[in-house]
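Let's take a walk through this structure together, one region at a time. Keep the sequence and the 3D view side by side as you read.

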Amino acid sequence: MNIQSLSVCVPAKRCINDCKFCCSKMHTSDYEDRFTDVCCYASYTEDMRKRLEYARENGCNTCMLTGNNEPQQNKEFLRVFSEVNRSLRTPFLNIEMQTTGAFIDADFLDFFKSSVGVTTIAVSIACLDDDADNRSMIQTKDDQLELARFCAEVKKRNINLRLCLNMNDGILVRHDYTPESVIKLCGDLGADQITFRALWSPDSDTEQGEWIARNVSAETLDFIDELKADVKANGKYLDTLEYGADRYDYHGFSVVVDEDSMSQEENKSAVKYLILRPNGHLYSKWDSKASLIF
Ligand code: SF4
């Protein structure tokens with residue numbers, strides 16, 4: 001089995017944001033939260049330890065803290081995760097956290113780095129050049145969220161900064177909609193890595209699916225194709241990431257075009273992701289309980 005990364009779902013009742021394109025909201029997620037349930041807490045941590053160990057023993061080096069909410073919503077879980085990880089024979093050293101940055105202040109970033117061992121912060125972005133538009137698409141209550149300030153705080157702590165661009169028609173509103181503009185803005189924010197995420201839309205009439213249908217036009221899809229072609233033609237192939245697809249050096253940035261953010265692509269010889277759900281079980285697909293591994 002080829003395990004590229006383990007996603008650990010941090011439990012919380014509901015997300016503090018309400019992103020218009022949120023894929024978590026497009027399918028039901030009725031996994032029991034055994035971490036928060038005081039009766040199950042001890043057995044949950046043991047379940048977690050076994051699954052982390054399993055992932056490590058199957059060659060998985062990267063752990064992503066994510067979920068159907070923002071990881072920063074559950075500090076106690078992050079503390080326990082760190083304790084369990086450190087108890088493994090060979091702990092995860094590459095720990096990534098996916099977030100929009102909402103309500104994360106300097107103390108929180110110090111906690112992520114020093115106590116949890118976070119090495120990469122992957123910032124999920126809906127609009128790159130207008131904070132008000134970004135906040136509006138994320139539908140966050142954090143009216144202080146500013147990308148430049150947040151990215152600067154991440155870089156100040158020498159944490160790897162990955163910008164994950166959720167490609168929609170409003171990703172740039174003040175600049176030309178060209179690969180050069182995107183790259184320049186990412187550089188200004190101090191990005192080490194850039195991921196262009198093709199937004200995933202299921203065959204359903206969910207609010208989020210409808211938003212994607214309305215806001216990811218043929219022009220944006222063409223833009224992604226243009227970008228991919230340019231990355232392949234003018235970038236330098238680096239390697240194939242554990243995290244996902246091929247990675248290129250493109251204008252000095254590590255660039256990945258992730259066209260399979262929900263791990264939908266059929267590839268029978270590979271398991272792209274493992275997902276540890278709040279019930280303490282391991283799955284291989286985000287949208288299928290039948291993908292249970294154990
Ligand atoms: S932050 Fe993530 S989980 Fe929360 S609403 Fe946005 S996409 Fe969904």
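Helices here are DSSP runs of H or I with at least four residues, numbered from the N terminus. With that in mind, and remembering that this is a predicted model, look for the loop that joins helix H4 (131-138) to helix H5 (147-156), where glutamine 139 sits. Although glutamine 139 is not a glycine, its phi is positive, about 55°. Most residues other than glycine have a negative phi. Around glutamine 139 there are 14 other C-beta atoms within 10 Å, so this residue counts as partly exposed.

Histidine 251 is partly exposed because 17 other C-beta atoms lie within 10 Å, and a residue needs 20 or more to be buried.

Strand S8 also leads us to its partner, S7: the two pair in the antiparallel sense over four bridges. Within this pairing, lysine 236 stands opposite aspartate 249 of S8.

Finally, turn to the ligand. Its surroundings include Cys15, Asn17, Asp18, Cys19 and Cys22, along with Ser24, Asn68, Asn69, Glu70 and Thr100. Sorted by class, this shell holds five polar, three nonpolar and two charged residues.

Methods. Residues are numbered from 1 along each chain as its sequence is written. This is a predicted model: local features need pLDDT of at least 70, side-chain atom pairs count only at pLDDT 80 or more; totals for chains, interfaces and linings use all residues. A residue is near a molecule or strand if its C-beta atom, placed from the backbone, lies within 6 Å of it. Ala, Val, Leu, Ile, Met, Phe, Trp, Tyr, Cys and Pro count as nonpolar, Asp, Glu, Lys and Arg as charged, and the others, Gly among them, as polar. A residue is buried if 20 or more other C-beta atoms lie within 10 Å of its own, exposed if 12 or fewer, and partly exposed in between; C-beta atoms are placed from the backbone. Two strands pair if DSSP finds at least two bridges between them.
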